[in-house]
Amino acid sequence: VDSREIEGQDMDTLELGHLDELIEGLVILGTGGGGDPILGRLLLENDLLRGRYVKIVDYLSVPDEAFVATGGLIGSVTSRLKYSPQELVDRWENCFELERAFDLLEKATGKTIDYIVPFELGGSNMPIFLSLGARTGRNVINGDGLGRAAPETHMVSFHGYGVALTPMALIDFEGDEVVIKHQNDHNFADSVSRFIVTRWGGKGANAHHMMTGAELKKSVIPNTFTKAIELGKAVIHARNVPLGDPIQAVVDSLGGWRICSEKILQIKEENWEGFYYTTVKLTGGYVIQIKNEAMALFVGNKLLTIFPDLICMLDSRTAQGLLSKELCPGMDVTVIVAPCHERLRSALTTSEGIAAFSPTNFGMPGFHNVPVDSLLRDWTEGLIRI
């Protein structure tokens with residue numbers, strides 16, 4: 001894949017030689033979630049070794065009248081522990097739930113889905129979309145709905161630009177099929193689907209946010225496939241050169257800030273209704289609030305970063321991205337924060353975006369989606385005054 005961002009031009013097909021860079025970048029951008037990178041790698045290797053290929057295309061090349069949809073796996077990050085990555089890859093050769101969900105959405109709407117766009121970034125959640133493209137022949141958009149990962153189906157740029165989440169098609173791992181035709185509340189479809197998958201099969205796949213090519217061009221977070229490759233390439237290079245600093249490579253690539261390198265003191269965790277809630281306390285008074293992904297960062301009572309801006313948890317030595325389910329007391333963690341894409345920030349200014357992205361949805365009523373640069377400016381000014 002040519003990792004340059006070339007607007008209006010299609011990209012080449014994914015090749016085995018780019019997997020290291022792609023997976024490395026996707027895990028960091030997954031902000032603690034986004035799926036298991038072992039699964040993502042195995043899935044793509046399986047497709048490529050079987051002769052399947054996926055074409056990545058620029059969003060500007062999509063015809064305005066074409067139909068595009070997104071979707072993905074649904075379930076708690078720990079529900080996947082019921083299956084090993086290899087068991088899932090083998091299972092999906094016989095029954096690929098994500099493909100069935102897209103077929104069901106086409107049947108429910110009477111429309112043909114011409115292109116697919118990943119819901120989010122992450123170690124397996126973008127690869128599973130690449131696999132869907134390889135299996136079905138649909139081109140995959142070089143972009144996604146977030147530029148990071150998020151815990152809920154409505155927390156996506158498309159939603160903030162007025163693209164309806166419903167109809168949504170859902171297939172659970174027991175083979176049950178559900179179509180939610182319409183919702184009046186932004187939480188309804190996500191809540192119903194999680195109720196189903198957490199009681200029957202532990203996980204499932206869905207397809208939703210059907211849109212036209214014209215709507216995609218206004219709402220997609222562009223070029224995130226190539227961004228993940230570029231990030232991964234920068235980190236791997238920094239690890240392998242004398243005096244290289246892979247942490248700084250992440251900071252530079254994301255245009256972010258290195259907040260701290262500390263040790264985990266305590267983790268309080270809970271699985272509830274398909275979500276993995278975690279409070280991570282670090283030395284230095286830092287606290288990370290997680291709902292599948294890292295959603296807020298504090299020092300003492302001071303908010304430093306809040307979703308949808310990125311909070312990336314990295315291994316302090318290698319800068320490898322850490323999943324929320326991998327964190328444990330005693331681990332050395334470096335925290336990098338970075339601004340989300342301007343399109344995602346703009347999505348938060350609409351009535352749909354305000355409701356869908358509200359911190360109330362991840363257990364923080366009374367807080368607001370304040371841009372990270374504003375929060376950090378206030379924090380550093382406070383330190384200077386002290």
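I will go through the overall build of this chain and then turn to one histidine.

Please keep in mind that this is a predicted model, in which local features need pLDDT of at least 70 and side-chain atom pairs count only at pLDDT 80 or more, while totals for chains, interfaces and linings use all residues. Residues are numbered from 1 along each chain as its sequence is written, and side-chain values use heavy atoms, with hydrogens and water left out.

To begin with the fold, the chain holds 13 helices and 16 strands, where helices are DSSP runs of H or I with at least four residues and strands are runs of E with at least two, numbered from the N terminus. Along the principal axes, the C-alpha atoms fill a box of roughly 65 × 50 × 40 Å. Of the 386 residues, 58% count as buried, meaning under 20% relative accessible area with a 1.4 Å probe, protein chains only. Among contacts (heavy atoms within 4.5 Å) with a separation of 6 or more, 76% join residues 24 or more positions apart.

Now to His-186, which sits in the loop between β7 (177–180) and α7 (188–199). Is His-186 buried or exposed? His-186 is buried, because its relative accessible area is 18%. Leaving aside residues up to four places away in sequence, His-186 touches His-154, His-159, Ala-355, Ala-356 and Asn-361.

Methods. Buried means under 20% relative accessible area, exposed over 50%, partly exposed in between (1.4 Å probe, protein chains only).
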